[in-house]
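Subject: Structure handover

Hello,

Here is the structure we spoke about, with the sequence. My notes on what was found in it follow below.

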Amino acid sequence: MNKYLFLIGLIALTACHNNSSNSDESAQNQQITTVNNIPVPPDINLNIVNVYPHDTSCFTEGLQVYNGKMYEGAGDNENSALQISDIKTGKVLQQHKMGAADVFGEGINVFKGKIFQLTWTSHFVNVYDVNDITKTIKTFTWPYEGWGMTNNGTDLIISDGSANLYFVNADDFKIKSTIQVNDNLGPVVKLNELEYINGYIYANVWLTDNIVKIDPANGHVVGKINLTSLLDKYAPGQTIPDRTDVLNGIAYDSTSKKVYVTGKRWPKLFEATLN
């Protein structure tokens, strides 16, 4: 009889413990979804309107439309380059190789009559005259890894693979301010290629098919574009295993209001509109 009562008590105690654990887990999950009191970012539709050829040798790190042409920064060490292409044909019109096997080219931006090109871990930034990409006219040092770059009309904005975005003076490359990017789940890391569109920063999230829309006033993610299966839908059978890499590259043409996206060694460049 005593053993029976003991077993009943043990079962009751275990049930209470399990209920407590479930309650704790539920509370933790609830806490995670409300961290920083940031709402879940809504989905943003990207409507594909045209599909163009893209240079499959280009390991895209930076993408920008300037004067009707596509400016692209390419990585992959000895293949690192800065190049200008025709948007509709994908033909490379000009190319400048960075010329060092240990230098990995990263994000680019055309700003104030110059082209700035980051490097991944070499901690320097190449600067070119926008009318001549054959040689650098200046270099700056950069203390962090170089990933993506854009501008807001006043400052350069740079990502380094973390959740941070740095606002930088283009004249001396000094950091003026830093924001941390967060969504409802907390810091958003691996921010890569950047584009500034109508007052917001759009960032590719490396190793995902997502582009996030960021409010530069507070770093909050206020929208998300999911481009899963984009190549499968528009370029079936055109990818190369172990060569075609991830989504990376977003550019905006303020004249036509079109957005362009591509990826590293992708066979296609996509022209789209934002909803």
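The largest pocket holds about 220 Å³ of space. For the search, a pocket is an open set of points on a 1 Å grid over the protein atoms alone, where a 1.4 Å probe fits and protein lies on both sides within 12 Å along at least five of seven lines; lining residues have an atom within 4 Å of a point. The volume is the space filled by probe spheres set on the points, which are joined across faces, edges and corners.

This is a predicted model: local features need pLDDT of at least 70 and side-chain atom pairs pLDDT 80 or more, while totals for chains, interfaces and linings use all residues. Residues are numbered from 1 along each chain as its sequence is written, and side-chain values use heavy atoms, with hydrogens and water left out.

At least two lining residues come from each of S2, S10, strand S16 (191-197) and strand S20 (247-253), and S2 gives the most, with three. By class the lining has eight polar, four nonpolar and two charged residues. Here Ala, Val, Leu, Ile, Met, Phe, Trp, Tyr, Cys and Pro count as nonpolar, Asp, Glu, Lys and Arg as charged, and the others, Gly among them, as polar.

Overall, the protein has two helices and 22 strands; these are DSSP runs numbered from the N terminus (helices H or I, at least four residues; strands E, at least two). Of its 275 residues, 46% count as buried (buried is under 20% relative accessible area, exposed over 50%, partly exposed in between, with a 1.4 Å probe and protein chains only). Of the contacts (heavy atoms within 4.5 Å) with a separation of 6 or more, 51% are between residues 24 or more positions apart.

Next, the aromatic residues. The whole structure has twelve aromatic pairs. Rings of Phe, Tyr and Trp (its six-membered ring) pair if their centres lie within 6.5 Å; planes under 30 degrees apart are stacked, over 60 edge-to-face and the rest tilted. One of the pairs is Phe59 with Phe104, edge-to-face at 6.1 Å centre to centre and 85° between the planes. Phe59 is in the loop between strand S1 (46-53) and strand S2 (60-66) and Phe104 in the loop between strand S5 (92-97) and strand S6 (105-111), so the pair ties together parts 45 residues apart in sequence. Phe59 is buried, at 12% relative accessible area, and Phe104 is buried at 12%.

Trp147 and Trp206 also pair edge-to-face, at 5.6 Å and 90°. Trp147 sits in the loop between strand S9 (138-141) and strand S10 (149-151), and Trp206 in the loop between strand S17 (200-205) and strand S18 (210-214), 59 residues apart. Trp147 is buried, at 10%, whereas Trp206 is partly exposed, at 30%.

Ring pairs also join Phe116, Phe140, Trp142, Tyr144, Tyr166 and Phe173 into a cluster.

Two backbone points remain. Asn37, not a glycine, has a positive phi near 55°; it lies in the loop between helix H1 (2-33) and S1 and is exposed, at 71%. Lys257 is not a glycine either, and its phi is positive at about 65°; its place is the loop between S20 and strand S21 (258-263).

Regards
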